[in-house]
Structure formats: C-alpha cells, structure tokens
Amino acid sequence: MPNQNSSLIHVIGGGLAGAEAAWQIASRNIPVALHEMRPARQTPAHRSGDLAELVCSNSFRADDPETSAIGMLHREMRALGSLIMSAADAHKLPAGGALAVDRNGFSAHITAQISNHPLIEIFREEIEGLPPADWQNVIIATGPLTSPALAAAIGALTGERDLAFYDAIAPVVHRDSIDMSKAWMQSRYDKAGPGGTGADYINCPLDKDQYYAFIEALNRAEKIEFKEFEDTPYFNGCLPIEVMAERGAETLRHGPMKPFGLTNPHNPGVKAYAVVQLRQDNALGTLYNMVGFQTKLKHGAQVGVFRAIPGLEQANFARLGGLHRNTFLNSPKVLDRAFRLKADPRLRFAGQITGCEGYVESAAIGLIAGRMAAADEKGEAFPPLPATTAIGSLINHITAGHIETIDAGPPSFQPMNVNFGLFPPLTEKLAAPEGRRLRGAEKAALKKAAISARGSRDLDAWMAANDIRAVG
C-alpha cells in the first residue's frame with residue numbers, strides 16, 4: 001500500500017474525474033494517493049462519502065455515437081478502458097436512447113473498485129492550500145465546489161481574473177443554424193478590436209413590436225431559483241437578462257441589445273429598434289455566443305424565447321445560458337496542452353475545474369490526465385489525441401479552442417459540454433443518397449454520422465500507432 005510521499009502520484013478529489021485518473025494511473029502499475037475531503041468535510045451539494053457521487057442527474061445522456069457527440073465520447077472512453085463507463089454500463093437503467101444509471105449502485109461500484117486496488121490508498125482529508133512542495137506529480141480534480149482554501153491558493157498562483165467562482169454563461173449557437181438572410185456581420189461602428197476585422201459580430205435585428213414582444217416573453221418565462229449554495233451576488237457586469245428587463249422595458253435596448261452603430265444591409269433604410277449580437281466563441285468559427293445574454297431562465301423557456309429573435313428561428317444551441325456557483329480556470333491561458341499549470345507544472349488539473357461540463361466530460365479529462373501523469377512518471381511522451389475525436393475536441397476546447405475577446409468584454413472561455421461544434425469541419429463532401437440534394441434534418445444526420453465515422457477511424461489509428469491499450 002502506498003504512503004504519502006513524493007515517489008507516487010497524488011490525486012486531489014474523489015469525484016468522477018479524480019476516481020478515473022487514479023484508476024488509470026494505478027492500472028499502469030504506479031502507486032496513487034487519492035485525497036478526498038468527504039465525509040469529514042462535506043460540500044453543500046454532496047450527501048455521502050462515496051467516490052464519484054452523482055449530485056445532480058443520474059443520466060450520462062445519449063449513448064448513440066452516430067447521432068451525438070456525447071455518444072462518441074462514451075465510445076472512446078470504453079475503448080480506452082474507462083472505470084466510469086464500465087461502472088455506468090454495469091448499473092444502467094432503462095432510459096430509451098440515453099445511458100442512465102442507478103446512482104447509489106454506480107458510486108458504490110466505483111468506491112469498491114478504488115478501495116480494493118492494491119496500488120491506491122484513499123486519504124480522507126482536505127488539502128488546505130497548495131500541495132506540499134515534495135509532491136512532484138499532482139492532479140487536482142476538485143470540481144466546481146473546490147474548497148475555499150485550495151481555491152484561494154490556486155487563485156494566488158493564477159491571478160483572480162483567471163479563476164472564476166461563478167458562471168455567467170450566455171447561450172451558444174451553432175453558426176450554421178443562424179439565418180443570415182435576416183442577420184448580418186458587422187462590428188458596432190465597424191470598429192475592429194484586437195484580432196477583429198470590423199465585421200466580427202452576427203447581428204439579429206428586432207423592430208419595436210418584436211422587441212416589446214421579446215421583453216414580454218422574457219418577463220413571463222419560467223426561471224430557475226438559486227440553490228442554497230448559489231448565493232453569489234449579481235455583478236452589474238453579468239446581470240441576467242431577465243433581471244435587466246425587470247428594471248424597465250427599455251433597459252435591454254440600452255444595454256446588450258443596443259442598436260447603435262449598426263446598419264442592416266438587408267434593409268439599410270430602416271434602423272433596428274434593438275439588436276442581438278453574437279460573438280465568435282471558438283477558433284473554428286463554428287460556435288457563436290449571444291453577447292450579454294447570461295440568464296437563469298429554464299432551458300425550455302430559453303429555447304422558446306430566443307428562437308423568437310429574427311435570424312434565430314431555427315437556432316441549434318450548443319449550450320444554454322446560466323448563472324451559478326462554479327470554480328473553473330481560464331484554462332487556455334493558464335494550462336498547457338497536458339493540463340499542467342504553467343505557473344507550477346507539477347500541478348495538473350482534471351475535470352470540471354478545467355472548464356468542461358458534464359459527468360462524462362469530466363471523467364474523460366480525468367482519464368487523459370491520469371494517463372498523462374503516468375507517462376510523465378515513466379519518462380514517456382504522451383501522444384496528443386486527434387482533434388477529430390470527441391476527447392481530442394474537448395481537450396482542444398479546454399486548452400486552445402477559444403479565441404481571445406475581440407472587444408473590451410470578458411474572456412470568451414466558458415465551461416461547455418462536448419458537442420459537434422467543437423469538432424473540426426469535415427473536409428470530405430457528404431454523399432447524398434441516389435444523387436439527391438441534401439437538406440435539413442437529413443443533411444444534419446449524415447454530417448453527424450460522418451463526423452462520428454471519422455473520429456472512430458482516427459482513434460483506432462492513434463491507438464494502433466502509439467500502442468495505446470485499454471488497460472484497466
């Protein structure tokens with residue numbers, strides 16, 4: 001059984017990412033010390049001392065790799081010997097096309113597997129502040145509710161601006177679902193910001209009647225109440241749009257929906273009463289976020305209200321908005337491509353604190369971080385995954401996939417679930433059945449299937465070329 005010393009790998013946090021990382025390391029015959037503060041110190045969201053406790057839903061979402069990015073992630077993690085996926089498969093419940101699990105059985109399974117592994121020792125303790133200097137290979141996987149002492153220490157290393165303690169998330173839309181016959185590209189007053197061209201925003205115009213109908217729908221829409229532990233006060237720079245609307249019907253059109261400095265080329269003689277702007281959200285240019293539209297509307301309400309905006313009638317959302325307590329790093333700035341902290345490379349991060357959302361995404365980053373830490377310990381190089389795979393696209397989003405802000409606003413990086421907007425565009429042309437022209441849903445389905453097939457081929461080739469096996 002390992003002891004707490006510098007000759008092993010330390011994993012801080014026993015959630016899905018930490019448990020997966022510890023398992024991957026130990027499966028490569030390297031001893032692990034897994035530090036979990038529960039149950040000695042509970043978080044406001046957890047209820048037990050089990051590892052990998054599911055605190056929200058019991059769903060791992062869609063399981064079909066041909067139609068969903070999360071299904072692709074499931075497939076890749078199974079191929080790489082994921083403990084989390086094997087436990088999910090062992091405790092799955094009927095849920096149609098989704099993978100849902102018995103949450104108690106799932107967590108008990110993970111806890112037993114980790115506890116019984118001869119190379120893993122669990123230490124039930126809180127790591128207050130930075131890990132000791134003689135811990136030379138550390139993974140921090142403490143999740144969105146990282147303890148205040150550790151978060152403060154990380155913040156001191158990275159700078160407070162690069163460690164967020166709340167999400168102020170605006171919805172993100174797939175670029176190809178925006179109707180550009182109604183919307184247009186232009187920066188306000190044609191001003192080119194850093195890295196911009198003067199036509200950096202997609203603009204969706206509303207006339208006076210449309211604007212007031214939007215305000216009325218916003219005021220009527222169902223909203224989520226803050227949970228007990230989500231007591232972060234609103235900041236004026238990130239007020240939810242519904243809170244702004246409550247301050248007066250004209251507030252939004254003098255805030256994020258102001259129409260000034262913009263001319264609609266589809267109708268240049270008529271000035272819009274209000275404009276919704278969308279800003280590029282990733283380097284691929286496949287995703288755009290709705291500027292200033294952070295919100296606590298329920299997800300179904302968001303879709304209905306936002307699709308009433310001209311140009312967004314058929315909007316496909318990669319992420320819906322929110323505002324809640326969540327500790328995460330500005331990872332593209334402070335982490336390298338191996339999830340190591342640039343300011344202190346002995347510290348590697350995994351899971352939601354890196355800027356991914358979702359159970360499976362967190363576990364996937366834990367899996368790769370564990371393999372990277374094991375490779376470092378053995379003096380081996382860990383080959384980068386192809387960006388065409390689900391895991392590779394997620395890594396790229398976390399470490400390099402966003403763009404720097406193109407105006408004076410906040411950095412664009414925000415946590416996100418895996419989605420097809422994170423993948424590089426297809427280079428091959430989609431083959432239409434019987435030579436027909438592809439349209440709508442049929443085209444979208446064929447595109448997803450092609451991205452899935454490409455990812456499967458590329459993962460197989462990567463594993464074969466690098467002798468990567470699903471140990472575990």
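View 1. Ala17 is buried, at a relative accessible area of 6%; buried means under 20% relative accessible area, exposed over 50%, and partly exposed in between, using a 1.4 Å probe and protein chains only. Please keep in mind that this is a predicted model, where local features need pLDDT of at least 70 and side-chain atom pairs count only at pLDDT 80 or more, while totals for chains, interfaces and linings use all residues. Residues are numbered from 1 along each chain as its sequence is written, and side-chain values use heavy atoms, leaving out hydrogens and water. Ala17 belongs to helix H1, residues 16-26; helices (H or I, at least four residues) and strands (E, at least two) are DSSP runs, numbered from the N terminus. Beyond its neighbours within four places in sequence, Ala17 has contacts (heavy atoms within 4.5 Å) with Ala141, Ala350, Gly351, Ser362, Ala363 and Gly366.

View 2. Setting aside neighbours within four places in sequence, Gly18 is in contact with Val11, Gly13, Leu34 and Ala141.

**View 3. Ala33 is a buried residue of strand E2.** Strand E2 covers residues 32-36, and the relative accessible area of Ala33 is 0%. Have a look at Glu121: Ala33 and Glu121 are 88 residues apart in sequence, yet 5.1 Å apart in space, C-alpha to C-alpha. Not counting residues up to four places away in sequence, Ala33 touches Leu8, Ile9, His10, Val11, Glu121 and Phe123.

**View 4. Three strands make an open sheet in the order E3-E5-E4.** The pairing here is antiparallel, and two strands pair if DSSP finds at least two bridges between them. Strand E3 (59-62) and strand E4 (92-93) are the edges, each pairing on one side only. E3 meets strand E5 (residues 98-101) over two bridges, and Ala62 stands opposite Ala98 in E5.

**View 5. Six strands form an open antiparallel sheet.** Their order is E10-E11-E12-E13-E9-E14. At the edges are strand E10 (184-185) and strand E14 (317-319), each of which pairs on one side only. Strand E12 (residues 274-280) and strand E13 (residues 287-290) pair over three bridges, with Gln280 opposite Tyr288 in E13. Helix H6 (residues 208-220) lies across strand E11 (201-206) and E12, at about 95 degrees to E11. Axes are lines fitted to C-alpha atoms, for helices over the stretch in contact, and angles run from 0 to 180 degrees between N-to-C directions.

**View 6. Phe60 belongs to the largest nonpolar core.** A nonpolar core is a set of buried Ala, Val, Leu, Ile, Met, Phe, Trp, Tyr and Cys residues joined through side-chain atoms within 4.5 Å. Of the 72 residues in this core, Phe60, Phe106, Ile110 and Ile368 touch the most other members. Helix H10 (residues 359-377) gives the most to this core, with twelve residues. Domain 1 (9-163 + 328-400) and domain 2 (168-323) both give residues to the core, so it lies between them; the domain bounds come from an automatic or database domain assignment. Leaving aside neighbours within four places in sequence, the contacts of Phe60 include Leu16, Ile70, Phe106 and Tyr359.
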